[in-house]
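Have your viewer ready and follow along, one selection at a time. Each stop tells you what to pick next and what is there.

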Amino acid sequence: MKRTRMRYVLGALLAVLASATSLTACGAGGSAQSPRLNVVTGFYPLTFITERVGGDAVRVTDLTSPGVEAHDLDLSPQQTSMLGSADLVVYAETMAPVVDKAVATTEPKRTLEAGAVAGLRHTDSKDYGKVPDPHFWLDPLRVAKVAEAIGEELARAQPEHAEEHRERARRLCEQLTTLDEEFRAGLASCARKDVVTSHAAFGYLASRYELNQIAISGVSPQAEPSPSRIRQIQQAIKDKEITTVFFETLATPKMAETLATDLGLKTAVLDPVEGLVPGSGEDYLSLMRDNLAALRTALDCR
Ligand SMILES: [Zn+2]
C-alpha cells in the first residue's frame, strides 16, 4: 500500500518535471526575454495580414468576431480599454466609426491606419455623396503595400525579431503578387465587364482589373438605394445584358434578392472578405480565389 502511494507521488512529480521541461524547450510561442506583441486589429483582412506577417511573435485580437458584419461593429467597454493597452492597433478609418472614435480617445502606444498606406479613393455618387471607400483589401496589390508597412511597424516594435517580420512580409507579398497575376490573367478576356454587387465594396478590385462595379447599396451596406437608383440599375442590367446579381455571405440587402427575382437573373456570391463565416476554413487568399472563379463564370471569361 505504502509503496503504491510512493510510486504515485513519484509519477506525479516526474509528470510535473516533464511538463516544466517541455515548456522551457518550446517556449510556448515567445520566450521570457521577448514576450509576444499584443496587436489589436479592426476586422478580418487586417487580422489576416498581421497574423501572416507577425507569426509567433505577435498575439492578434480581432475587434470583429467571426460572423459579425464589420461596418456594423459595436465595441464593449472591455474592447475599448484593450485598445489603450495594446502594443499596436491596426485599423482602417471609416470602416467602423466606433473604432475610429475609440482609437482617438484611448491613444494606443502605436497605431497603423491601413487606409493611409493603401491609398484610399473617394466614391462619388448622386445617392451616397462623396465618401471615402475603405475596401482597399479587395485589391491584392494594395494589401501587399499594407503587409510591407505592418512588417516595418512590427520590426520597429520588436527590433529583436525585425528580420523575421520583414521576411514574412516579403513572403506574403509574393503570394499577393501571384494572386494579382491570377486575377489579371483570369479576367483578361471576358464577354462582359459589369458586375452588380450588393454593396459598393469592389471599387478597388474593379479599377485594378478594368471592371465596372454597379453597386446596389453604398460603401456601407446600411446605405439603402433610392427608387431612382434602383430604376437605373435595372436599366443597366438590361442594356449591358448582365446575367448575375452578386450576394454577400454576411450582409445581403433585400434589394439584391428582389432585383434578381424580378429580372430573372442568376445569383452568386462575391465575398467582400470583411469577415469570415465561422467554421468555413477559408482565409483571405482562398476567398479571393473563390471570388475570381465567381467573376469568371458571371462575366463569361475565356
Ligand atoms: Zn464593406
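Select Thr94, which at 33% relative accessibility counts as partly exposed (buried means under 20% relative accessible area, exposed over 50%, partly exposed in between, with a 1.4 Å probe and protein chains only). Before going further, note that this is a predicted model, in which local features need pLDDT of at least 70, side-chain atom pairs count only at pLDDT 80 or more, and totals for chains, interfaces and linings use all residues. Residues are numbered from 1 along each chain as its sequence is written, and side-chain values use heavy atoms, with hydrogens and water left out.

Thr94 sits in the loop between β3 (88–91) and α4 (97–106); helices (H or I, at least four residues) and strands (E, at least two) are DSSP runs, numbered from the N terminus. Although Thr94 is not a glycine, its phi is positive, about 75°. Most residues other than glycine have a negative phi.

Now jump to Val273, another residue that is not a glycine but has a positive phi, here about 50°. You will find Val273 in the loop between β10 (266–269) and α11 (284–299). Is Val273 buried or exposed? At 0% relative accessibility, Val273 counts as buried.

**Stop two: the zinc ion**

Next, select the zinc ion. Which residues are its protein donors? They are His71 (NE2), His135 (NE2), His199 (NE2) and Glu274 (OE), lying 1.8 to 2.0 Å from the zinc ion. Donors here are N, O and S atoms within 2.8 Å of the metal (3.2 Å for Na, K and Ca), and water is not among the atoms, so sites may look incomplete.

Angles of 99 to 115° between the four donor atoms make the arrangement tetrahedral (four donors count as tetrahedral if all angles lie between 85 and 135 degrees). Along the sequence, the spacing of the donor residues reads H-x63-H-x63-H-x74-E.

Keep His135 and His199 highlighted. His135 is in the loop between β6 (129–133) and α6 (140–157) and His199 in the loop between β7 (194–197) and α8 (203–208), so the pair ties together parts that are 64 residues apart in sequence. Both His135 and His199 are buried.

**Stop three: aromatic rings**

Turn to the rings. Rings of Phe, Tyr and Trp (its six-membered ring) pair if their centres lie within 6.5 Å; planes under 30 degrees apart count as stacked, over 60 as edge-to-face and the rest as tilted. By this rule there are five aromatic pairs.

Show Phe136 and Trp137, an edge-to-face pair at 5.5 Å centre to centre with 85° between the planes. Phe136 and Trp137 are both buried.

Phe183 is buried, with a relative accessible area of 0%, and Tyr209 is buried at 6%.

**Last stop: the whole chain**

Zoom out to the cartoon view. The protein chain has eleven helices and ten strands, and 45% of its 302 residues count as buried.

Key: Tetrahedral: all angles 85-135°; square planar, octahedral: opposite > 155°, others 65-115°.
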